[in-house]
Amino acid sequence: MNREIVKTIALRGLALVVVLCTWQQAQTQDQKESYPSMAPVAQYMMERQAEITLARSAAPESISRDAEVLVLGQHGYESAVKGKNGFVCLVERSWAAGIDDPVFWNPKLRGAICFNAAAVRSYVPITVKKTELILAGRSKAEMVEGINAAFAKKELLMPEPGAMCYMLSRQQYLGDSAGHWHPHLMFFVPQTDAATWGADLPGSPILASVDTLDRLTIFMVPVGKWSDGTDALADAH
Amino acid sequence: MNRKMVRTLVLGSFALALVLGAVWQAQAREQKDPYPSLAPLEQYMMERQAEIALARSAAPESISRDAEVLVLGQHGYETAVKGKSGFVCVVERSWMAPFDDPEFLNPDQRLPLCLNPPAARSHLPLTFKMTELALAGLSKTRMFDGVKAAFDKKELPLPEPGEVCYMMSKQQYFGRKYGNADPHLMFWVPKTDDMFWGAGFHGSPVYVHQYSPEPITEFIISVSKWSDGTAAPAD
């Protein structure tokens, strides 16, 4: 291990218990959020430059400046900026959430994410496919059918080893109660039990979320700073 | 001043310069390689119960209480506590430090880890191999060659997908320079570029260590609390 680096790291991240409480509180309150159906498409759209900026804010500038950037068009995601380091940054909309998540149609949700190359190949196609189906006017149930069919035809794949992403944008908006929540990294693995990473246990710094539709488990590790270098702890108070 | 005195002064200065030079060289050598060989074995050993407690402190109690615990014996690691979760906790010694690390073979170093099942399967064979080489009293060069040959011959496995290792013990000790460093998670993958996880870039929360000669990359993410729930120091 690079001890010099380790020595210089000293996170001021939220106490995990605070993170968990916030998350659980947010989830509970999101139950009350009411978005029973899709809002007019225009409400999910963003001004192009603003979307590029928001997408890039998911990771430190040293990573996102050379990343490809996708933006949401009328029919799906399209490349707005070519990249050269293998990362792809985009802003996910609410239909990327789990199908039973109360935020599923929340038009205000903006999940800024920068994916590494392994996630670009294996996870991003799921988001792209969902988005195409939704913007083509398919219902939630039809979207589920479409995703299942794409997995069956092997058009969509299991997560590759090492697939991960950055969600460090201070401007991200993950729900009416969660707000911008907390900067974190996410790791995509084929569907597995949270216990294999020691996630969701008291004192563990790792959270887990199982997504049966996407055939994966997402492990989340909150970190101490937003992509702009500001301290996440300051937002906790 | 007569000639004899001058000659004595010149010779004395010359001798002093030689002595100072030798001392300086020795100091430089010691700074670069303060532990050139294995110290007496007992200096690396721990009292059994203390070692079990230290190993478990690498992860929160909710994880380590059901983990298998290994302790260092006279001939290598041995199981001290059977586990039931698939996690394994162990206190690694300084021969697991990078070969070019000045703390390599420092008998005071104590590195408690708790490994999830995939990490236990692929990392522990390396730990056992390095321990075997160290306890055999091999030189650093021969240890390096031994571990390289083991990977070349595929006697040692590469990291599996989904490995994670907890290093959250407040009592971990890396050596005089870094003390107990900070609590963190480690992820091992077959050797890859730093950019694979965006590691080491300005502002990135991911740090990286490229092993050598092991064909392994280690990604490191700091976390905010020690395993006992107390807050880690701020930077």
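The largest nonpolar core has 109 residues, and A:Cys89, A:Cys114, B:Cys89 and B:Cys114 have the most contacts inside it. Such a core is a set of buried Ala, Val, Leu, Ile, Met, Phe, Trp, Tyr and Cys residues joined through C-beta atoms within 7 Å; a residue is buried if 20 or more other C-beta atoms, placed from the backbone, lie within 10 Å of its own. Another core, apart from this one, has 13 residues, including B:Leu126 and B:Met130. The model is predicted: local features need pLDDT of at least 70 and side-chain atom pairs count only at pLDDT 80 or more, whereas totals for chains, interfaces and linings use all residues. Residues are numbered from 1 along each chain as its sequence is written, and chains are lettered from A and ligands numbered from 1 in the order in which they are written.

In chain A, eight strands form an open sheet of mixed pairing, in the order β2-β1-β3-β4-β5-β6-β8-β7. Strands are DSSP runs of E with at least two residues, and helices runs of H or I with at least four, numbered from the N terminus; two strands pair if DSSP finds at least two bridges between them. The edge strands of chain A are β2 (77-81) and β7 (207-211), each pairing on one side only. Strand β1 (residues 68-72) of chain A runs antiparallel to β2(A) and is joined to it by four bridges; A:Leu70 has A:Ser79 in β2(A) as its bridge partner.

The contact between the chains takes 45 residues from chain A and 47 residues from chain B, where contact means C-beta atoms, placed from the backbone, within 7 Å. On chain B, α3 (61-64), β6 (184-190), β7 (206-210) and β8 (216-222) each supply at least two residues of the side that touches chain A.

Technical notes. Contact = placed C-beta atoms within 7 Å. Buried ≥ 20, exposed ≤ 12 C-beta atoms within 10 Å, placed from the backbone.
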